Amino acid sequence: MRLWTLRAWVSAAVLLLFGFLYLGGEKLSGSLSGPLMFFQFVPSLLRQVFSFPALSAMGVILVLLLTLLFGRIYCAVLCPLGILQDALIFLSRRFHILPVHRHVPELSTIRNAFFWVTFLSLSFGSPFFLNLLDPVAIFGKITVCFMEPALYGAKKLLIVFFALFDTYPIHLSYPWKPSVPLVALALPFLLAITIFSLLAGRLYCNSVCPVGTLLGFISRFSLFRIEVDREKCIACGRCEERCRAGCMAVPERAVDHSRCTACFDCLPACPVSAVRFGMKRPKAKRRAFSISRRKLVGAAAGGGLLLFTRPFAGRAAPEKSVPVTPPGSKGPDRFRRMCTACYLCVASCPTKVIGPAGFAFGIEAFLQPVMDFNRGYCDYECNLCGRVCPSGAIAPLPLEKKKRTQIGRVALDKKLCITHAKKQNCGACMEVCPTHAVYSVIEGKILYPETRPDICTGCGACQHVCPTHPESIVVTAGRRHMESKPPVYEKAPAIAEKPDDGEFPF
Amino acid sequence: MSDCQKMKRRTFLKKGLALGVTAGGALLSWDGSEATASDDGPGVPDLVAVKNAEPDPLLEAALSALGGIAQFVKPGQTVLVKPNIGWNRSPETGANTNPALVAGIVRRCVLAGAKKVYVFDNSCGPGDKCYRNSGIHGAARSAGAVMVPCYRKDFVEVRIPGAKILKKTAVHRLVMDSDVFINVPVLKHHMSTHLTVAMKNLMGVVWDRGWYHGNGLDQCIADFCRLRKPNLNIVDAYRVTMANGPQYARKEDIALKRTLLAARDIVTADAAAARIFGTDPERIEYIRLAHLQQIGNMDLSELKIRKITL
């Protein structure tokens, strides 16, 4: 099969799989996350850095090797944001929007600036730029912000359709609600990516994306690359028109390998087969696009520093603004350092409790998800988020361990509670507590809620159902997730005073 | 037309048939052993209590004592069977209605000529998991029912005449549109109200059950029964959660009582269930209020009860 056809089909398959990963439901998310996310650069890098050496995080090493051998294959067939752009470019060519590209000079200042700002801020303990610019994170937020509601709408249409036949195979367990902070994040990126790809191909990948820049440092030296045979070349310019990365310059018959995103479309474009994907020619001159050796050594040293010195000392978030983070994250501080903001946990959470934080916890947590008990609660029988998290920010917990993980503690404000303040039965919280951390104490006709914070897991079911506004029963965040004490059970309640003697009691 | 008038008419017209049914019912058994029964004289009973068998034989005995399923379902009618499918728990936990019982009811409705039998509950947990893990999805569908998930669009605003607090709510259209409404709760201890049975089970047909909690739980539960009283209430007391209900009880909290109660009057059903549990109906506030406000009758001493031990 031709390289460009292979690339197109593989990348289409990967994009489809990413769609299933984010939108396909619990079983698909759980099983696809491992294989797909293994090769994703930033999640794998974070996992490698924090649990070095991690066999489960070899993806980042493999991608680096792959790039060293074959160029930016990651950008062509593995990166979901890259494939999304390729899909837009494909559509624009098919519908003749702007099918022709030109060679553009490397925007090296901008490109390097984004890379170094991301790297340095990470070294000083802030994942903010990484969360902002990681292509998987951008893809994830765009998918959750736009594709999830689209799918929800499609489900609603299907429900109406099936109802015509009086059959109801689809459940809509948790309603989708729009989120202003998420739209504020995802919409500008979606617009930028769309406009850039339609107008200038992979401009984002070659001038903003820090992963693209890092891989670009390496792909300059790749063993296999796009080469132009100067003897055969007739300078017709077709390869340049076809190149979506703007990296082919016809007059010099040269290719900027740091920007080539390995789409291989230039191969069939050449009428005289002067363009090939082959081994590096020893005497090839790359002066037009070469980078100084000093910069390269600096980049390599920086990369090494990143991997081996673990500079994430991290500043702990101030006490007032500590969010509740999912079970498996072991605490908001650790979570903050390791989360890549890919939003896969947000997409997969079946009860929709994991969601965008907004500004509630400061600018740095703005991009990362938190447990939001207004949106939902954490299902006692679920441990999906840890199973799908690609960076290990949420570590996978076996269900029995998850049921004893305390992500927060229940706190009841008796002045706000309907039952305590107004002597009126409510009991919404007691009904839903899976461990009986909230339980009832009977006084006459009233059943009063009382709490046992030690056995609370912080699932937030009580807060979620509390009918008062603001809620009288809330989960307060745990700085470090401890093990909760085991659930407590009451003996038979006082009202069952007449034991069953085998006869009917009436 | 009130339930009281319906009952009197039925009793008058079917005295003779009831005599025959009573005699036959006494000999009814599935496993060959002698069934014992007692009742307060001729006529269709207000309450039937059956014990000591599997759900299907219990159901058969109870329905026979009431005149058979044909008393409740006529050919061509649509039936709503409303079990408790509130929780994502498996059948052995007794947190939801026994699936075998639901299937038995559905099957008999289909045999009685029902055009459609619908089953749904507005679960407290994730709907798809509750439906499946409770076993009710599989059992009811095999028996011929249509399982209906809950969509907001299917809930219609209604006013409840005579209600003290719950003057209006959004109720599932099946409650308003179905010809026959059969309520099939499971008897359990409940942290918020002491007990959950037939009246509390109807919290699962409204969209916003949370409103009840915030505005006077017991009175709202009683109020809702004024809207549309189920034609029949069948209480599943096969596995009764005696403590730590409604959701996370231990194995040792579950008593295998192998009992079933059937009554047209929802308050009667609850009162009888309270006695089965071991308490006085007076102590359960929503039962007391419903009786006081003449929504139904909790005074079992006034009623005709048929007791069957299989």
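1. With a relative accessibility of 5%, Phe264(A) counts as buried, the term meaning under 20% relative accessible area, with exposed over 50% and partly exposed in between (1.4 Å probe, protein chains only). Phe277(A), at 21%, is therefore partly exposed.

2. The model is predicted: local features need pLDDT of at least 70, side-chain atom pairs count only at pLDDT 80 or more, and totals for chains, interfaces and linings use all residues. Residues are numbered from 1 along each chain as its sequence is written, chains are lettered from A and ligands numbered from 1 in the order in which they are written, and side-chain values use heavy atoms, leaving out hydrogens and water.

3. Over all chains, a search of the whole structure finds 18 aromatic pairs (rings of Phe, Tyr and Trp, the last by its six-membered ring, with centres within 6.5 Å; planes under 30 degrees apart are stacked, over 60 edge-to-face, the rest tilted). One of them is the edge-to-face pair of Tyr22(A) and Phe139(A), with 5.8 Å centre to centre and 80° between the planes. Tyr22(A) belongs to helix α1 (residues 3-23) of chain A and Phe139(A) to helix α9 (residues 135-163) of chain A, so the pair ties together parts 117 residues apart in sequence. Both Tyr22(A) and Phe139(A) are buried.

4. Phe264(A) and Phe277(A) also form an edge-to-face pair, at 4.8 Å centre to centre and 70° between the planes.

5. Two charges sit over rings (NZ of Lys or CZ of Arg within 6 Å of the ring centre and within 35 degrees of the ring normal). Arg452(A) lies over the face of Tyr439(A), 3.6 Å from the ring centre.

6. Strand β7 (residues 405-412) of chain A has 6 of its 8 residues buried. Helices (H or I, at least four residues) and strands (E, at least two) are DSSP runs, numbered from the N terminus. β7(A) runs antiparallel to strand β10 (residues 473-483) of chain A, joined by 7 bridges (strands pair if DSSP finds at least two bridges). Thr405(A) stands opposite Glu483(A) in β10(A).

7. In helix α11 (residues 266-277) of chain B, 11 of the 12 residues are buried, among them Ile266(B), Asp270(B) and Phe277(B). Asp265(B) caps the N-terminal end of α11(B), a side-chain oxygen lying 2.8 Å from the backbone nitrogen of Val267(B). Gly278(B), with a positive phi near 115°, follows α11(B).

Conventions: A polar contact is a pair of N or O atoms within 3.5 Å; within protein, one must be able to donate a hydrogen and the other to accept it, and residues adjacent in sequence count only if both atoms are side-chain atoms.
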